[in-house]
Amino acid sequence: MPTTHPLPAPVARRGHFAVVDPATGEAFDEAPDRRPDELDAVVGRAHAAWRGWRSDPAARTAALRAAADAVEAAGGDLAPLLTREQGKPLAESHAEVARTAARLRYFAELEPGSQPIADGRPVRGEIRWRPIGPVAAIVPWNFPLQLASAKFAPALAAGNTVVLKPSPHTPLATRLLGSVVAAALPEDVLTVVTGREPLGARLAAHPGIRHVTFTGSVPTGRAVAERAAASLARITLELGGNDAAILLDDVDVEAVADRLFWAAFRNCGQVCMAVKRVYVPARLHPAVVEALAERARSAVVGPGLEPGTRIGPVNNAEQLARVRRYTDRALADGARAAAGGHRLDGPGYFFAPTILTDVPADSPVVTEEQFGPVLPVLPYGSVDEAVEAANGTGFGLGGSVWGTDLDRAEAVADRLECGTAWLNHHAELSLAQPFAGVKDSGVGVAGGPWGLYGNLQPFVVHRPREA
Ligand code: NAD
């Protein structure tokens, strides 16, 4: 049933801000609201700590391995706290903690080494890699720990120090993670600062920062790029997505329906690389809509800490309002909800898993990033038409093609304008792969060795060859 349940105003002590449990809509704790003028001291200490941290690669490897062990050991505290402030089912929080530890371990073992320059000149040239200095890491609320580690693990492994700013919607698990990791490192090598804007904007513009690595929405990414331009700091931007899944006419609908559904609805659809649009041959459209709608109706929605919950609440009130806005607009424009379509009655930011059909192709729920538990399913006539529609937004993060003939599916995937494509799957990433969006979805490359080099600068030495 639709509801107009009022959203309570959170409260916190002076110098702090409230942290809301999205399953209740009520504040349950608070975090320090650091003032932007405190950043000078924080960045200054990160700079001082850099001198020691950059000089001993073996000690770095040992410290990052110890940090990974410590994160794993703290999983029993980190995971429930993450679920409390973020909303996701507890099992997904445990998986996020495990991924965070795995990433620390992966980067602990990566070394840039040095490379000779072989160009036939009578000079011996060698490329060496040097750390660049304090890194600012700014992350969103959908995977607070995992995305934080995607920033700090490569930056620290490269020999840089890090100032990490989590989203004000999810500061608590990150603070705990920060203290667990920092305890395995020399002082001030990793610092977590929590606070509300303009803290992030000031951090991005801070003259002591040499690399701003940001994950979040496209508009904020643009603002961060502008701020970082002031000090000409390097930028890495991992931004929004609006991934399409194209089903081909030889797809086995029942065989793929579960995987397709969860690729769209995991973490309540709040995944940058979630399937956010499905394109289906017109002949299969009714069957696909029904297969997905049936799963949407039967998925267990509830507080993430409750056993059995598969889909938690939307993370925050603004995001819930956004999801409602996109859905209401689509319904007003003639779409039909085959499942859901409304907020769930009661407290908390719950929205019914929603499958939309008869959606106008230019509806914002199709062309923009709604980032919630809503999935439009659109029929197509020819594969060319589907590819054109999939590529027809400003985003280019990921995409997938689903069918029985994998060669044919791969040929279609090859035409997608994005950074990662999957066949009969979506949003599974390797720690060892480059991660990069095209068009508005990002600038720079994260992940794998590319993520390490993104935190290093080349230093080249030329010396004459001995006679
Ligand atoms: P957001 O852009 O609103 O906020 C991201 C971070 O930036 C937060 O820490 C926020 O406090 C901070 N921030 C806000 N204004 C700022 C400013 N002017 N300067 C500097 N920092 C500022 O994003 P969100 O709503 O927290 O997260 C959802 C978005 O993140 C979606 O668009 C999603 O697609 C994207 N995302 C992308 C990836 C990726 O890898 N490409 C991964 C996860 C999420």
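This note covers the domains and the ligand shell of a predicted model.

1. Domain layout. The protein chain splits into two domains. Domain 1 covers 16-238 + 432-461, and domain 2 covers 243-423. Their centres, taken over C-alpha atoms, are 30 Å apart.

2. Contact between the domains. On the domain 1 side, 24 residues are in contact with domain 2. Domain 2 answers with 24 residues of its own. Helix H3 (75-86) and helix H4 (90-108) each provide at least two residues of the domain 1 side. H3 gives the largest share of that side, with four residues.

3. Make-up of the domain 1 side.

4. Where the ligand sits. Residues of the shell around the ligand come from both domain 1 and domain 2, so the ligand shell lies between them. When viewing the structure, look for the ligand between 16-238 + 432-461 on one part and 243-423 on the other.

5. Residues around the ligand. There are 29 residues around the ligand. Those that come nearest are Pro-140, Gly-200, Gly-216, Thr-220 and Cys-272.

6. Helices in the shell. Two helices to check are H7 (199-204) and H8 (218-229). Each supplies at least two residues of the shell around the ligand.

7. Which classes of residue make up the shell around the ligand? It has 14 nonpolar residues, eleven polar residues and four charged residues.

How values were computed. Residues are numbered from 1 along each chain as its sequence is written. This is a predicted model: local features need pLDDT of at least 70, side-chain atom pairs count only at pLDDT 80 or more; totals for chains, interfaces and linings use all residues. A residue is near a molecule or strand if its C-beta atom, placed from the backbone, lies within 6 Å of it. Ala, Val, Leu, Ile, Met, Phe, Trp, Tyr, Cys and Pro count as nonpolar, Asp, Glu, Lys and Arg as charged, and the others, Gly among them, as polar. Domain bounds come from an automatic or database domain assignment. Two residues are in contact if their C-beta atoms, placed from the backbone, lie within 7 Å.
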